[in-house]
Amino acid sequence: MELQFFNTMDRRVEPFRSIHPGEVRMYTCGPTVYNYAHIGNFRAYMFEDLLRRTLEFFGYRVRQVMNLTDVDDKTIRDSRAAGIPLREFTQKYKQAFFEDLKTLNIEPAEVYPAATDHIPQMIRLISILMEKGFGYRAEDGSVYFSIDKFPNYGKLAKIDRENQRSGVRIKNDEYAKDSVADFALWKAWDELDGDVAWDSPWGKGRPGWHIECSAMSSEYLGDSFDIHTGGIDNMFPHHEDEIAQSEAASGKKWVNYWLHCAHLMVNGEKMSKSLGNFYTLRDLEAKGWSGREIRWVLLGAHYRKKLNFTFEALAQARETLGRFDEFFNRLRSITVSGDGSEAEAPVATAVEAFSAAMADDLNVSEAFAAMFELLRVGNKLADAGTLSAAGAAKILDAFRKFDRIAGCLEPDRIRTVEIPAEVMAMAEARAAARKAKNFAESDRLRAEIAGLGYVVEDAPGGAFRVKKA
């Protein structure tokens, strides 16, 4: 089965071919560690985890590098405001980020390079750009990249260079899409930087944001690699500037596939503190939601579509995952003898459909539909008493495969729900009433059980099971 992804560079879905057979080298834009990551950030990290898990599902070895931006305008601004040295200030948020990754069951990257640990690599890369004539030192003492010297500038964001001004310089790390300009490779020190500075051939200063990723990706992945990902908001200027400086320095094509995820919305609006809809993962945990439930919601839309995050969606995630938990418990409880052949066709169909959907540009909607269909068929077979223990084992194994990508089904984790003794006694009395064909009493007991928050499900031969409503 052939993997295919939407390549932002070409604006089309393309078959995936890695540079090195069986291996994928991937760079993902990580956090700027000046605060706790919010759920909008984790939408991107979840998409990248989904991509990584899918590549592994299809047999690739993945070497993933995710940077930690621990020196830029924001980290310096906020560390100075807090009166804390930059390294100490950012360490708190680095640690929190790794804790959050574990909460969401996001697979760790192979390398998490911090920008402040790679200043020599950045200076070396800037020196190459200077030697090749792409960089120049301006009157303010900073070093800039001349986009006029790189004819292909704008190829990712599809910028019409002929209608843009030239010779304009921007020192800030982040700027608007209509501000196409020479960008800072090395920023000369000023009083706003405080004690954050390094020596360089161009004087005391610090790197620009964009050069950090170029230097660290080449350090760990080489001059050319397979996939670069990030949020759509990073496409310009960050990714565009990365391409320019990386390809200008090496003379090679830098990245073969660019994958970008769309924004996360909250209750249909852009997330912002002023609207009161700004949430970190820790905010949601404090409200009683689990990382497993949050992960399910963040997986709920195709990565190239906007994802609307709501508390109703979290409640639905809790209910849905509870259905899976009950199903897995039910499968483990089946003792019917047989060779499991009754489950072979539905399992094969579901695994094929799931795999084909994920191979098709990470189509999670179709993939999850295949999971739900296997759940439905499995329950139907169990209700009819025709699902054997061997067949149940085959179905469980299929869900283990699915969870290699979903990462939140946990089919082997046993979750028990304590049913109160009084509820079980009422269920036994109801079963006796049904056997005696006293259906009025049976219905009354069912209603009473429901009023206490439980449901009785009948099975062939007078058997039944009780679960939470």
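Tutor: A crossing is left-handed if the near helix is turned anticlockwise from the far one by less than a right angle, and right-handed if clockwise. Helices (H or I, at least four residues) and strands (E, at least two) are DSSP runs, numbered from the N terminus. This is a predicted model, in which local features need pLDDT of at least 70 and side-chain atom pairs count only at pLDDT 80 or more, while totals for chains, interfaces and linings use all residues. Residues are numbered from 1 along each chain as its sequence is written, and side-chain values use heavy atoms, with hydrogens and water left out.

Student: In a left-handed or a right-handed crossing, how does α9 pass α11?

Tutor: Helix α9 covers residues 311-333 and helix α11 covers residues 364-383. They pack at about 40° with axes 11 Å apart, where axes are lines fitted to C-alpha atoms, for helices over the stretch in contact, and angles run from 0 to 180 degrees between N-to-C directions. Under 35 degrees counts as roughly parallel, over 145 as roughly antiparallel, 65 to 115 as roughly perpendicular and the rest as oblique, so α9 is oblique to α11. The crossing of α9 past α11 is left-handed.

Student: In the open sheet of 4 strands, what is the bridge partner of T28 in β10?

Tutor: That sheet has the order β4-β3-β10-β11 with parallel pairing. Strand β3 (residues 23-28) pairs with β10 (residues 225-231) over 3 bridges. In β10, T28 has as its bridge partner T229.

Student: Which residues have the most contacts inside the largest nonpolar core?

Tutor: A nonpolar core is a set of buried Ala, Val, Leu, Ile, Met, Phe, Trp, Tyr and Cys residues joined through side-chain atoms within 4.5 Å. Buried means under 20% relative accessible area, exposed over 50%, partly exposed in between (1.4 Å probe, protein chains only). The largest such core has 84 residues, and those with the most contacts inside it are F42, L55, F354, F399 and L409.

Definitions and conventions: Two strands pair if DSSP finds at least two bridges between them.
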